[in-house]
Amino acid sequence: MTPTDLAQHIVETPLCDTHEHLRREPDWVDDGPDILRDLFENYAPADLRSAGAPEEAMARLMDASDPDIEGRFEGIRPAWEAAQFTGYGEAVRLIASEIYGLPELTGAGLAGAQQTLNGLRQPGQRLHLLRDRANLDHVQVDDFRWLCEPDASGPEFFLYDLSWANFCSGTIDFGAVAAETGVTVTDLASLRRGMEGLFDKHGPCAIAVKAQHAYNRTLLWEERSDADAARALEAALKPDPEKGLDEATRLCLGDWCWARGVELAVEHDLPFKLHTGYYAGNDRMPVDRIPAGNLCRLLAQYPDARFVLMHISYPYCDELVALAKHYRNVWVDLCWAWAIDPFSSCDFVRRFLHAAPVNKLFGFGGDTGWPTSSAAYAIQARRWLTRALEAEVRDGLLTEAQAMGVATRVMQENQRACFDLEGTRSAIHEAMAGSSA
């Protein structure tokens, strides 16, 4: 079948990748995966476990010290056959076919692909794979740290988020704050100075602020008084050695720190990214925590902030469309969503277009650690975005030219409008010049 002009446009348009957890170049080159870990060390294990893969077989699958690649794969084959058509399974198949030339997974084929992987795990290949083969404009990386120093393997390409998750959770490493800023936290005023110090030090080279505290607390935010926060901080500085910090105290401190982080993000002109919706992994997702609607008080309190709500709040997708339609300070990111549930994500794009302004939608983030997975997830996103927009054209809702314009917006133009790419890159160059002076 000859690709449509729309499909070709989506293939050829550089894609802004707004969310990854990519490991650094030395990790990839010196301590990277073998072929089975490269294929499956992303989100696929969750579906394999749901399909019934035994834990001992899963452990062996990921044991790169075991040279029996065929035997390691055979242990999870029944689960793989059940899970191969999920979004996660599709991504594995794309890594196999597009990176390693394997139309199907067989023990012999996997063993042969190891040599190809050895060639990819060389200096510079990580950047080449993502920029040149996957056609990514840049990658925004959350590596769970405050530090956003230039990445020598591609300083204009690999941009970093300033992590705020522990502050939002109320689980603050006070020693780390002191080591990083020179501020010893003893009261609320010094905590505020420590947070300001982190932004002053790392904000200029950061592309955004990121928090995924929905994994360990509710997204429901409440405004907290300084007096209440001071009492919570006092308890956090001297926690009960047996019980630790109780949840109510932790939420109080977390809400206060979350709000200060939003204020600092506004001051430093940084978008604030928030994990919403589905959890990675298995057997630990309290669904009342995760809907994006829990954020309404925060969104209303800070109209000047730029909130990027991630993962389409799956499975609470319609609620998120309503937030983007109603709140001027909300942007929506399809990062990870294509892999979680590609059909729902395809439908989400179409629903979004006819309910919310199209300039508020970001098209892709792989949300994974190895560059091969990121490249495959980008292929997956392009193909499903093509299906969504071709359906719009086929149903007479958009012309092909309009659909191409939508594709350009959600693939790169909206991201450029929300994130200060040029300012961040300029700050990175200044930091590099200063460090070499």
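This is a predicted model: local features need pLDDT of at least 70, side-chain atom pairs count only at pLDDT 80 or more; totals for chains, interfaces and linings use all residues.
**Entry 1: H10 and H20**

I read an angle of about 5° between them, with the axes 9 Å apart. From H10 (residues 125-133), the residues I found at the contact are Arg 126, Leu 129 and Leu 130. On the H20 side they meet Pro 371, Thr 372, Ser 374 and Ala 375. Sorted by class, that contact comes to four nonpolar, two polar and one charged residues.

**Entry 2: the buried side of H10**

Next I asked myself which residues of H10 are buried. My list reads Arg 126, Leu 127, Leu 129 and Leu 130. They share one side of H10, since they cover an arc of only 165° around the axis. I then looked for what lies over them, and the cover includes H20 along with helix H2 (25-31), helix H8 (87-100), strand E2 (136-141) and strand E3 (158-163).

**Entry 3: Ser 374**

I went back to Ser 374, which sits in helix H20. Is Ser 374 buried or exposed? I count Ser 374 as buried, because its relative accessibility is 0% and the cut-off for buried is under 20%. Leaving aside neighbours within four places in sequence, I found Ser 374 in contact with Glu 20, Leu 22, Leu 130, Phe 364 and Thr 368. Leu 130 was already in my notes as one of the H10 residues that meet H20.

**Entry 4: H1**

H20 came up again when I turned to helix H1 (residues 5-12), as the cover over the buried residues of H1 includes helix H20 (371-394) and helix H21 (400-418). Those buried residues are Leu 6, Ala 7, His 9 and Ile 10. Looking down the axis of H1, I see them fall within an arc of 160°, so they line one face of the helix. I reminded myself that an α-helix has 3.6 residues a turn, so residues three or four places apart point the same way. Over on the other side of H1, Asp 5 and Glu 12 are exposed.

**Entry 5: H13 and H15**

For another helix pair I picked H13 (residues 188-202) and H15 (residues 247-267), which pack at an angle of about 40° with axes 11 Å apart. That angle makes H13 oblique to H15. I noted the crossing as right-handed. H13 brings Leu 188, Leu 191, Arg 192, Met 195, Glu 196 and Phe 199 to the contact. They meet a set in H15 that includes Leu 253, Trp 256, Cys 257, Arg 260 and Gly 261. The class count for this contact is nine nonpolar, one polar and four charged residues.

**Entry 6: two loop residues**

Asp 34 lies between H2 and helix H3 (35-40), and I count Asp 34 as buried because its relative accessibility is 10%. Not counting residues up to four places away in sequence, Asp 34 touches Ala 64, Arg 72, Gln 114 and Leu 117.

Ala 305 is in the loop between helix H16 (296-301) and strand E6 (307-310). At 6% relative accessibility, Ala 305 goes down as buried too. With the same exclusion of sequence neighbours, Ala 305 touches Val 262, Val 266 and Asn 329. I also checked Ala 305 against Asp 17: they are 288 residues apart in sequence and 21 Å apart in space, C-alpha to C-alpha.

Technical notes: Residues are numbered from 1 along each chain as its sequence is written. Side-chain values use heavy atoms; hydrogens and water are left out. Axes are lines fitted to C-alpha atoms, for helices over the stretch in contact, and angles run from 0 to 180 degrees between N-to-C directions. Helices (H or I, at least four residues) and strands (E, at least two) are DSSP runs, numbered from the N terminus. Angles under 35 degrees count as roughly parallel, over 145 as roughly antiparallel, 65 to 115 as roughly perpendicular and the rest as oblique. A crossing is left-handed if the near helix is turned anticlockwise from the far one by less than a right angle, and right-handed if clockwise. Contact means heavy atoms within 4.5 Å. Ala, Val, Leu, Ile, Met, Phe, Trp, Tyr, Cys and Pro count as nonpolar, Asp, Glu, Lys and Arg as charged, and the others, Gly among them, as polar. Buried means under 20% relative accessible area, exposed over 50%, partly exposed in between (1.4 Å probe, protein chains only). The arc is that of the directions from the helix axis to the C-beta atoms.
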